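This report describes selected features of one structure. The sequence and coordinates are shown first.

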Amino acid sequence: MNQSDLPRLRRLARELGVPPAALRDALECGLFEDESQAAWATDLRHMRRMMDHLGVNAPGAALLVRMNRELQTMQRRLAQLDRLEAQWLDEVEDGFWYDLLS
């Protein structure tokens, strides 16, 4: 995240009712480093829900949101690798049987 984006993020956090201290904790946790501005509101809402409904403190909520996002990314990558592996195995098997028939 650029420093020029910080005022926009602060304004969004204020609109969503996320306290300034919680936003500071989220920034320190690295929550907004690798994501687009479109994902900011979703992450801030998730943080607020965890703090309000589950009693999670702000640093914990920020960390949980970040870990959840990273887990989803890993699951997408694993699914992609599974598809590539299946494709590769199909190609290997096709080539193996073709070689045997020749």
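Which residue forms a salt bridge with Asp5? The partner is Arg8, the closest N and O atoms being 3.3 Å apart.

## Basis of the model

The model is predicted: local features need pLDDT of at least 70, side-chain atom pairs count only at pLDDT 80 or more, and totals for chains, interfaces and linings use all residues. Residues are numbered from 1 along each chain as its sequence is written, and side-chain values use heavy atoms, with hydrogens and water left out.

## Salt bridges

The whole structure holds four salt bridges (a side-chain nitrogen of Lys or Arg within 4 Å of a carboxyl oxygen of Asp or Glu).

Another salt bridge joins Arg69 to Asp43, at 3.6 Å from N to O. Arg69 belongs to helix H4 and Asp43 to helix H3 (residues 37-53), so this pair ties together parts that are 26 residues apart in sequence. Helices are DSSP runs (H or I, at least four residues), numbered from the N terminus. Asp43 is buried, with a relative accessible area of 7%, while Arg69 is partly exposed at 22%.

Within helix H3, Arg48 and Asp52 are four residues apart, about one helical turn, and their side chains meet in a salt bridge of 3.2 Å, N to O. Arg48 is partly exposed, at 35% relative accessibility.

Terms used
Helix = DSSP H or I, 4+ residues; strand = E, 2+ residues; numbered from the N terminus. Buried < 20%, exposed > 50% of the residue type's maximum accessible area, 1.4 Å probe, protein only.
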